[in-house]
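Subject: Structure handover

Hello,

Please find the structure below. My notes on it follow.

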Amino acid sequence: MAKRTTIPQIMRLKGQRPIVSLTAYTASLANLLDEHVDFLLVGDSMGMVIYGMPNTLSVTVEMMIAHGAAVVRGSKKACVIVDMPFGSYQASPAQAFENAARIMSETGCAGIKLEGGQEMAETIAFLVERGVPVLAHVGLLPQHANRVGGFLTQRDEEKILADAHAVADAGAFATVIECTEPEISRRISEEIAIPTIGIGAGSDCDGQILVTEDMIGQGTGYVPSFVKRYAQVHEDITKAVQNYANDVRNRDFPSK
Ligand code: KIV
Ligand code: NA
């Protein structure tokens, strides 16, 4: 069995070649993506993408564990990182550790991701010192959508820069940068030693991530304008289902 990509291997890719990442919530999709990505993120975007929630705030630790375990079972090679959902880490470093340890031990994932910059630095250091690898997430923070009034591009360059430095100094192994001006993520990628993984943050990050359903055209909800569509899965499934329904109604399936 091929060995899984490790977090130190991902860190060493900075400056070598771009890091490739996609989201996965299920064993079947994880299996399809496994050969092609450096790491799979079990994102709390699952609340919106596969549970039809209006935002990510109602996703629970139990949901992350169920889907995280499925993604680990469905993959062999990729490093698997699982998002910590809203309310599972913000109260204190101790709360974050308890939930992170549960997520890691019950899924077999390599590490967790949490949202936030300077305000989460103490928590990130607490986790990392105790054996929990942390992928940070700065810029647009979907778990803050109610506070800032939606999913909006973040333009406060000095704050985002300070957040990125804070999570790097706290020991995060890499950081997601979501929806910033390309100039900001370029500066961050130059200034911090850990890999930056961009989503809607321009081409100068050390790696890229997208929500898989968005890039394969399976998303039913809003798809951000920075997403490139590499397939038309929604249209393909629609045609398949129409053909099946017609065949059954016309008694063409099953065949005699
Ligand atoms: O939940 C998610 O899918 C994410 C990524 C898009 C970065 O946080
Ligand atoms: Na997320």
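Helix α5 covers residues 93-107, 15 residues in total, and spans 21 Å from its first C-alpha to its last, close to the 21 Å expected at 1.5 Å a residue (the expected span is 1.5 Å times one less than the number of residues). Helices (H or I, at least four residues) and strands (E, at least two) are DSSP runs, numbered from the N terminus.

Before going on, the basis of these notes. This is a predicted model, in which local features need pLDDT of at least 70 and side-chain atom pairs count only at pLDDT 80 or more, while totals for chains, interfaces and linings use all residues. Residues are numbered from 1 along each chain as its sequence is written, and chains are lettered from A and ligands numbered from 1 in the order in which they are written.

Helix α5

The buried residues of α5 are Ala 96, Asn 99, Ala 100, Ile 103 and Thr 107. They cover an arc of only 100 degrees around the axis, so they sit on the same side of α5 (the arc is that of the directions from the helix axis to the C-beta atoms). An α-helix has 3.6 residues a turn, so residues three or four places apart point the same way. On the other side of α5, Ala 94 and Ser 105 are exposed. A residue is called buried if 20 or more other C-beta atoms lie within 10 Å of its own, exposed if 12 or fewer, and partly exposed in between, with C-beta atoms placed from the backbone. The cover over the buried residues of α5 includes α4 (61-74), β3, β4 (111-113) and α6 (121-129). Just after α5, Gly 108 has a positive phi of about 80 degrees.

Annotated binding sites

An unreviewed UniProt entry gives "binding site" at Asp 44, Asp 83 and Glu 115. These span 72 residues in sequence, yet no two of their C-alpha atoms are more than 10.8 Å apart, so they gather at one spot. The "binding site" annotation, again from an unreviewed entry, also covers Asp 44, Ser 45, Asp 83 and Lys 113. UniProt positions are in the numbering used here, feature names are shortened, and annotations may be inferred rather than shown by experiment.

Asp 44 is in the loop between β2 (39-42) and α3 (46-49), and is buried, with 30 other C-beta atoms within 10 Å. Beyond its neighbours within four places in sequence, its contacts (C-beta atoms, placed from the backbone, within 7 Å) are Thr 56, Val 59, Met 64, Asp 83 and Pro 85. Asp 83 belongs to strand β3 (residues 79-83) and is also buried, with 29 C-beta neighbours inside 10 Å.

Ligand 1

The residues around ligand 1 include Thr 23, Asp 44, Ser 45, Asp 83 and Val 211 (C-beta atom, placed from the backbone, within 6 Å of the molecule).

Regards

How values were computed:
Two residues are in contact if their C-beta atoms, placed from the backbone, lie within 7 Å.
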